[in-house]
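Here are my notebook entries from a first look around this structure. Please keep the view open as you read along.

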Amino acid sequence: MLTKTLIKIFTRDLHRLKAEIMSYKQEENLWLLDKEIANSAGNLCLHIVGNLKHFIGAVLGNSGYIRQRELEFSLKNIPRTELLQQVEEAVKVIENVLEKLSAEDLNKHYPIHVFNEPMTTEYFLVHLTTHLSYHAGQINYHRRLIDS
C-alpha cells in the first residue's frame, strides 16, 4: 500500500536530513547566510519539521501540534542536538499517523485547502515528500557552499 512506501521515503529522507545536519564541521555554520542563499540550513530544517508536524501530525493525526511558521525562519542558533531531536520526532509522527491511514483515507480530500483547490490526501502526501527532498537539497548545497 502507498502508506508503507510513503513511510519509507519520508523516513529515508529525514535520516538523510539528519546526516546532512551532522555533516556540518562547524555547528554555527548551520545558521550562516550567503548573498546567494536566503535561508540557513538550520531554518530550512525547522521549516521541514514544522511542515511535516503540521500537515501530517496535526491535520491528519490530530496531534495538537501548533505550527508557528514564522519562527521556522526567524529562530536562530538552535543547538544541533535539538534540530536532530526535532527531525526524529517528525519521523515518529509520520510513522504513527501514516500507518493508520487506509486506502479510503488516501482517496478522501485532504482536510484543509492548501493550494486553494481540493486535492486528495494521497496527492498532498506525495507533494510533501517532494517538498522535503527539495529543501534537503538546499541544505546540502548550503553545507557545501558555507561549511567547506
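**Entry 1: the largest pocket**

How do the residues of the lining of the largest pocket divide into nonpolar, polar and charged? I counted six nonpolar, three polar and one charged. For this sorting, Ala, Val, Leu, Ile, Met, Phe, Trp, Tyr, Cys and Pro are nonpolar, Asp, Glu, Lys and Arg are charged, and the others, Gly among them, are polar.

Before going on, I noted that this is a predicted model, in which local features need pLDDT of at least 70 and side-chain atom pairs count only at pLDDT 80 or more, while totals for chains, interfaces and linings use all residues. Residues are numbered from 1 along each chain as its sequence is written, and side-chain values use heavy atoms, with hydrogens and water left out.

The lining consists of L46, V49, G50, Y65, I66, Q68, L71, E72, L75 and Q86. Two elements give two or more residues to it, α2 and α3 (69-74). The largest share, three residues, comes from α2. I took helices as DSSP runs (H or I, at least four residues), numbered from the N terminus.

I put down a volume of about 160 Å³ for this pocket. My rule for a pocket: on a 1 Å grid over the protein atoms alone, it is an open set of points where a 1.4 Å probe fits, with protein on both sides within 12 Å along at least five of seven lines; lining residues have an atom within 4 Å of a point. Grid points are joined across faces, edges and corners, and the volume is the space filled by probe spheres set on the points.

**Entry 2: the largest nonpolar core**

Next I looked up the largest nonpolar core, which has 38 residues. Such a core is a set of buried Ala, Val, Leu, Ile, Met, Phe, Trp, Tyr and Cys residues joined through side-chain atoms within 4.5 Å. Buried means under 20% relative accessible area, exposed means over 50%, and partly exposed lies in between (1.4 Å probe, protein chains only).

F10, L14, I56, L98, L125 and I139 have the most contacts inside this core. The helices α1 (2-22), α2 (41-58), α4 (80-98) and α6 (121-146) each supply at least two of its residues. Nine residues, the largest share, come from α2.

I then followed L125 and set aside its neighbours within four places in sequence. That left contacts (heavy atoms within 4.5 Å) with L6, F10, I56, L60, L98, L101 and L106.

**Entry 3: salt bridges**

How many salt bridges are there by the rule I used? The count comes to eight, taking a side-chain nitrogen of Lys or Arg within 4 Å of a carboxyl oxygen of Asp or Glu.

One of them joins R16 and D13, 3.7 Å from N to O. Both residues lie in helix α1, three residues apart, about one turn of the helix. R16 is exposed at 52% relative accessibility, whereas D13 is buried at 7%. I also found R12 linked with D13 and R16 in a network of salt bridges.

E88 and K92 form another bridge, 3.9 Å from N to O. They sit four residues apart in helix α4, about one turn of the helix. K92 counts as partly exposed, at 46%.

K108 meets D105 at 3.5 Å, N to O. K108 is partly exposed too, at 43%.

**Entry 4: stops in the loops**

Is S40 buried or exposed? I found S40 buried, with a relative accessible area of 1%. S40 is in the loop between α1 and α2. Beyond its neighbours within four places in sequence, S40 touches L30, W31, L32, L33 and H142.

V59, in the loop between α2 and α3, is buried as well, at 18%. V59 and P111 are 52 residues apart in sequence, yet 7.1 Å apart in space, C-alpha to C-alpha.

Last, I checked backbone angles. N77 has a positive phi of about 60° although it is not a glycine; N77 lies in the loop between α3 and α4 and is exposed at 57%. N116 also has a positive phi, near 60°, and is a residue other than glycine. I placed N116 in the loop between α5 (103-107) and α6, where N116 counts as exposed at 74%.
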